Each structure stands twice: as structure tokens, then as C-alpha cells.
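Here is a short tour for a first-time reader. Keep the sequence and the 3D view side by side as you go.

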Amino acid sequence: MDSKFHFFHYLQFLLLLSSSCFSLVSFSWIPYNENKNYEGSSDLVNLEYHMGPVLSSPIKLYVIWYGQWNPSHQATIRDFLNSFSSSSYAPHPSVADWWRTVRLYTDQTGQNISTISLSGEFFDFKYSQGKYLSRLSMQYVIKNAVRSYPKSLPLNYRNGVYLVLTSYDVQVQEFCRAVCGFHYLTFPSILGVTVPYAWVGYSGKQCPGFCAYPFAWPKNSGKPPPSTINGGNSLMGAPNGDPGVDGMISVIAHELAEVSSNPLVNAWYAGDDPIAPTESTRGVYIVD
């Protein structure tokens with residue numbers, strides 16, 4: 001599947017992005033209440049500023065592919081990440097347009113969130129930290145990626161963000177039960193410096209109904225998907241053919257928007273606890 005094919009499918013994702021809590025325009029919404037989904041995210045409304053910094057320098061994104069990955073899934077995600085940068089041939093609306101909306105958020109100095117670009121990839125196909133990861137061990141995954149010889153990622157504490165993506169066979173603490181992804185910051189005691197990072201897991205095998213709605217239906221909902229007039233169901237077809245990876249892209253967008261607006265968990269968030277899992281915008285979609 002070539003990059004143009006992927007790109008036009010991302011236009012559909014602009015109508016699905018779970019990070020639409022950052023949108024400053026009015027849309028019509030349909031809430032999905034069959035199954036609560038959590039991503040360690042901010043509420044759809046009532047985001048408040050808590051005086052911390054946003055990522056105002058050009059953001060260099062480093063992806064860590066953890067586990068055994070389907071190359072076509074990697075290509076889909078990679079094309080999406082590259083589409084954050086402006087393109088002369090991109091039609092509107094585009095992912096780059098959406099990111100410009102995210103960039104409207106500022107810190108107390110008046111600095112806006114900056115641009116984002118894919119700047120490096122690391123392949124941890126040997127499961128350096130095993131097939132079960134806790135939130136803390138996620139930081140050791142990053143440590144391994146920046147210290148591996150000879151092909152390591154740079155340890156960029158100035159404007160780097162690290163994105164850990166786990167494969168179908170990796171279990172992560174609270175994954176599929178409470179979260180589909182999260183963001184936080186590394187501890188100097190582990191990595192030597194503090195850098196923001198995010199994690200998102202592939203849910204296609206473990207819990208597509210939890211983390212990939214509306215491309216899959218939750219098995220524990222107790223009822224079938226809503227029917228259409230023609231007798232089918234109203235589940236949306238996965239734009240790139242795989243509910244797990246397409247749902248994952250939605251969560252990735254959400255986490256990148258949040259880590260950019262709240263990198264040190266003291267800037268833009270809702271409620272009293274900047275890292276507590278709260279009901280996210282998954283299952284809330286633009287319809288017109």
C-alpha cells in the first residue's frame with residue numbers, strides 16, 4: 001500500500017481522532033456509552049492550564065517498535081506520523097491542518113506548541129524487557145533504545161519525544177482494562193535525564209472492541225452492534241484494513257496531542273490529577 005493511499009485514508013481519521021478534545025471548532029457529536037475507554041487522558045471539555053511548559057521547540061519524534069511487527073502495519077503508522085508535516089500536495093482538511101489547531105495551545109510565556117516530525121526509529125524485536133511491561137519498565141525500553149550499540153536513538157532531552165509502540169503479543173500494565181495508551185516523563189534515576197514519552201499498544205488481538213472502536217465491537221457489551229436500515233451493523237470499516245492498527249493511529253494522535261500540551265504533567269489537563277486515567281474521548285466522533 002503506497003503512501004498516497006495511506007494519506008487519503010488519514011483524512012477519514014480527522015473525523016475520528018480521539019484527541020479532538022483539542023479542537024476549537026464546533027462539530028456535531030455522537031457519544032458512545034456502551035463501553036468506557038481510558039487512555040490516561042484529559043476530559044473532552046474543561047481543560048485547564050496549570051502554568052507548566054508546552055513543547056514549544058520543533059518536536060523530534062523517536063519511535064520504538066517493541067516486539068514483532070507486521071511491516072504493513074509499520075508502514076501505515078509511519079505514513080501517518082510523516083503526515084504531521086505540511087505537504088504541498090495534501091488536500092484540506094489534512095492531519096497537518098489538525099496539528100495546527102493543536103498548536104494554538106500556549107504556555108505562560110506565550111509560546112505555542114511547535115511542529116512535529118518523525119526523526120528516528122528503533123527496532124526492539126528481541127523484547128529487551130520481556131513480553132509483559134509495567135509502566136515503570138517502559139522507561140527501561142527507552143533506556144535500551146538510546147544505549148544499544150551500534151544503532152541507538154539519540155538521547156534528546158532538548159526537544160525529543162519518545163513513542164513506544166508494542167506489538168500484538170506484548171501485555172502492558174492496565175492495557176485493555178483501563179488504558180489504550182498513556183504518556184508520562186522519564187526519571188533521571190533511570191535514563192539520566194527527564195524526557196517526555198508516550199506508549200500505545202496494538203489491540204487487534206487482545207482487545208479491539210475496547211481500543212479500536214468504531215472499527216470493532218466490545219465483546220462484553222451484552223448486545224450486538226447497532227443495526228442499519230439494510231440489516232447490517234453500523235461498525236465503520238477500518239480505513240487501512242486492520243481495526244487494531246487503525247484504532248492505534250487514533251490513540252497515537254491523542255497521546256501526541258497530550259504529551260505536547262502537557263509534557264511535564266503540569267500544563268494543560270482536566271481535573272485534579274494530571275496522570276489519573278479519566279474517561280477519554282474515544283467513542284466520541286464527528287459526524288458532520
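## Strands 8 and 9

Tyr-184 has Tyr-197, in strand 9, as its bridge partner. The model shown here is predicted. Strand 8 (residues 181-185) and strand 9 (residues 196-201) pair in the antiparallel sense. Five bridges join them. Four of the five residues of strand 8 are buried, so the rest of the structure largely encloses this strand.

## Helix 2

Helix 2 covers residues 71-82, twelve in number. From its first C-alpha to its last it reaches 16 Å. That is close to the 16 Å expected at 1.5 Å a residue. Which residues of helix 2 are buried? They are His-73, Gln-74, Thr-76, Ile-77, Asp-79, Phe-80 and Leu-81.

The C-alpha atoms of Thr-76 and Asn-240 are separated by 7.6 Å, although the two residues are 164 apart along the chain. Asn-240 sits in the loop between helix 6 (208-211) and helix 7 (243-261). With 10% relative accessibility, Asn-240 counts as buried.

## Salt bridges

How many salt bridges does the structure hold? There are four. One of them joins Glu-121 to Arg-78, with the closest N and O atoms 2.9 Å apart. Glu-121 belongs to strand 4 (residues 116-124) and Arg-78 to helix 2, so this pair ties together parts that are 43 residues apart in sequence. Glu-121 is partly exposed at 29% relative accessibility. Arg-78 is also partly exposed, with a relative accessible area of 22%.

Another salt bridge links Arg-100 and Asp-97, the closest N and O atoms being 2.2 Å apart. Both residues lie in helix 3 (residues 95-102). They are three residues apart, about one turn of the helix. Residues three or four places apart point the same way, because an α-helix has 3.6 residues a turn. Arg-100 is partly exposed at 36% relative accessibility. Asp-97 is buried, with a relative accessible area of 19%.

Lys-131 and Asp-169 also meet through their side chains, at 3.4 Å from N to O. Lys-131 is in the loop between strand 4 and strand 5 (132-133), and Asp-169 is in the loop between strand 6 (160-166) and strand 7 (171-172), so the pair ties together parts that are 38 residues apart in sequence. Lys-131 is partly exposed at 45% relative accessibility.

## The nonpolar core

The largest nonpolar core has 68 residues. Ile-77, Leu-81, Trp-99, Leu-165 and Ile-252 touch the most other members. Helix 7 gives the largest share of this core, nine residues.

Look at Trp-99 next. Leaving aside neighbours within four places in sequence, its contacts include Ile-59, Phe-84, Ile-113, Ile-116 and Leu-256.

## Aromatic pairs

The count of aromatic pairs is 15. In one of them, the rings of Trp-69 and Tyr-202 have centres 6.3 Å apart and planes at 70°, so the pair is edge-to-face. Trp-69 lies in the loop between strand 3 (59-66) and helix 2, and Tyr-202 in the loop between strand 9 and helix 6, so the pair ties together parts that are 133 residues apart in sequence. Trp-69 and Tyr-202 are both buried.

Phe-80 and Phe-84 have ring centres 5.2 Å apart and planes at 80°, so they too are edge-to-face. Phe-80 is buried at 0% relative accessibility. Phe-84 is buried at 5%. Ring pairs link Phe-80, Phe-84, Trp-98 and Trp-99 into a cluster.

Definitions and conventions
Residues are numbered from 1 along each chain as its sequence is written. Side-chain values use heavy atoms; hydrogens and water are left out. Helices (H or I, at least four residues) and strands (E, at least two) are DSSP runs, numbered from the N terminus. Buried means under 20% relative accessible area, exposed over 50%, partly exposed in between (1.4 Å probe, protein chains only). The expected span of a helix is 1.5 Å times one less than its number of residues. Two strands pair if DSSP finds at least two bridges between them. A nonpolar core is a set of buried Ala, Val, Leu, Ile, Met, Phe, Trp, Tyr and Cys residues joined through side-chain atoms within 4.5 Å. Contact means heavy atoms within 4.5 Å. Rings of Phe, Tyr and Trp (its six-membered ring) pair if their centres lie within 6.5 Å; planes under 30 degrees apart count as stacked, over 60 as edge-to-face and the rest as tilted.
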